[in-house]
Amino acid sequence: MNTIDASDFERAWNCTLSPWMRGRIAQHDLRYTEIDQAERDQLILRVLDFLNDDVVQSGRHRADDWERGWAQNLTELQESSAAEAIIPKYFGKIPIVRWCQRWIAPVDRGLEYSMLSVLLDWVADTYLQGYSSIYEFGCGTGHNLVRLRERFPEAELTGLDWATSSQGVIQAYAAKTGDSRLHAAIFAYFDPDADFDLADSSAVFTMASLEQIGTNYGAFVDYLLDKQPALVINVEPIGELLDQTQLLDYLSVRYFEKRKYLQGYLDHLRGLQEQGRIEILEERRSFVGSFFIDGYSLVIWRPVVS
Ligand SMILES: C[S@@+](CC[C@H](N)C(=O)[O-])C[C@H]1O[C@@H](n2cnc3c(N)ncnc32)[C@H](O)[C@@H]1O
């Protein structure tokens, strides 16, 4: 039995964690066991079967699925006031996760969610301090914003999503907890609302939501260039940052392609940087992933003030 501890995160992220981060990490059960060769072979076969199958691809046609999914969380939130009601249902379904380019077997089913919570805490601690307004686009139930609230008690936090049930969950949660600085608004990546303005010196954040729009990120990037947030943080599947000479990374990129996940986004940003329109501050993989993908790489950038 092993445990992922603060020093493992420091090695993976090449950083020194703050005392606050060490305290946060200590709140999770991060125990796991290694898998053996035979288990690994079975898992590879399972991925290959998936890649050869007919699967649901991301895109416009999935709007109703997201609407229904978050409506289920809303019903739960109305019935119980538990914070767990806003955690998406898709975490922990497969009892295998990725960590540092290998599969591990969690002791606790919640390991993937715990790892993402640690990653989000680290993003907040490292990059988001000092922003009085933070917007999460494609925020789903807003559970990431609820976590950010623990780090930033005073910030104006806004969750945007194309599913109206997302706004329902966030508004219900804000009312239940008396959080008058937690807001929600509708926003579709394919058709950004040019009238939705961002506060001065704000930070924009996405996590596993640009994922869903394949190659159709142009309109959203143009929206951001127009609104000029001070910082943009994307935690998304970024094939450009994976190492396809490694089997698990290779399979991850094949999965991105199969599901029509985000593709070419970082290269697009690199092109904008060459044109002097944005500055990319950070490109790095997190080494945190689910069974199928290493889908939480970080790209941090800002529009060049015009
Ligand atoms: C995998 S969930 C991630 C939700 C949240 N960011 C999180 O980390 O739990 C993807 C989210 O993207 C949203 N989404 C997908 N396509 C979208 C689009 N075209 N415009 C706006 N939101 C979209 C979905 O409604 C959903 O809330």
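User: Quick overview first: how many helices and strands does the protein chain have?

Analyst: There are 10 helices and 12 strands in the protein chain. Its radius of gyration is 19 Å, close to the 19 Å that the globule rule gives for 306 residues, so the chain is as compact as a globular protein of that length. Keep in mind that this is a predicted model.

User: What does the C-alpha trace span along its principal axes?

Analyst: About 55 × 45 × 40 Å.

User: And what share of the residues is buried?

Analyst: Buried residues are 40% of the 306 in the protein chain. On contacts, counting those with a separation of 6 or more, 73% come from residues 24 or more positions apart.

User: OK, sheets. What is the strand order in the open sheet of 7 strands?

Analyst: The order is β7-β6-β5-β8-β9-β12-β10, and the pairing is mixed. β7 (182-186) and β10 (278-284) stand at the edges with a single partner strand each, so one side of each has no neighbour in the sheet. From one strand to the next, the twist averages 20°.

User: Tell me about β8. Which strands does it pair with, and in what sense?

Analyst: β8 pairs with strand β5 (residues 133-137) in the parallel sense over 4 bridges. β8 also runs parallel to β9, with 5 bridges joining the two.

User: How many residues of β8 are buried?

Analyst: 5 of the 5, so β8 is largely enclosed by the rest of the structure. Ala203, Phe205 and Met207 point one way, Val204 and Thr206 point the other way, and all are buried. In a regular strand, side chains alternate between the two faces of the sheet.

User: Moving along the sheet, how do β9 and β12 pair?

Analyst: Strand β9 (residues 231-236) and strand β12 (residues 297-303) are antiparallel, with 5 bridges. Ile233 has Ile300 in β12 as its bridge partner.

User: There's an open sheet of 5 strands as well. What's its order?

Analyst: That one goes β1-β2-β4-β3-β11, with antiparallel pairing. β1 (2-3) and β11 (288-289) are the edge strands, and each pairs on one side only.

User: How many bridges between β3 and β4?

Analyst: 3 bridges, between β3 (residues 97-99) and β4 (residues 102-106), in the antiparallel sense. Trp99 is the residue opposite Arg102 in β4.

User: Switching to the ligand: which residues come nearest?

Analyst: Trp66, Gly138, Gly140, Trp162 and Ser209, out of 19 residues around the ligand.

User: And how does that shell divide by residue type?

Analyst: It has 12 nonpolar residues, 6 polar and 1 charged.

User: Where does Trp70 sit, and is it buried or exposed?

Analyst: Trp70 is in helix α4 (residues 63-79). It has 25 other C-beta atoms within 10 Å and the cut-off for buried is 20 or more, so Trp70 counts as buried.

User: What does Trp70 contact, neighbours within four places aside?

Analyst: Gly140, Thr141, Ala163, Ser165, Ser166 and Val169. Gly140 is also one of the residues that come nearest to the ligand. As for Gly168, it is 98 residues from Trp70 in sequence, and their C-alpha atoms are 8.6 Å apart.

User: Now His28. Where is it, and what is it in contact with?

Analyst: His28 lies in the loop between α2 (19-25) and β2 (31-34). Beyond four places in sequence, its contacts are Ser114, Ser117 and Val118. His28 is partly exposed, with 17 other C-beta atoms within 10 Å. The C-alpha atoms of His28 and Asp108 are separated by 9.6 Å, while the two residues are 80 apart along the chain.

User: Last one: what about Phe196?

Analyst: Phe196 is in the loop between β7 and β8 (203-207). It has 14 C-beta neighbours inside 10 Å and so counts as partly exposed. Setting aside residues up to four places away in sequence, Phe196 touches Ala185 and Phe187. Ser7 is 189 residues from Phe196 in sequence and 42 Å from it in space, C-alpha to C-alpha.

Methods:
Residues numbered from 1 in each chain as written. Predicted model: local features only at pLDDT ≥ 70, side-chain atom pairs only at ≥ 80, totals over all residues. Pairing = 2+ DSSP bridges. Axes fitted to C-alpha atoms, helices over the stretch in contact; angles between N-to-C directions. Rg over C-alpha atoms; globule rule 2.2 N^0.38 Å. Buried ≥ 20, exposed ≤ 12 C-beta atoms within 10 Å, placed from the backbone. Contact = placed C-beta atoms within 7 Å. Near = placed C-beta within 6 Å. Nonpolar A, V, L, I, M, F, W, Y, C, P; charged D, E, K, R; others polar.
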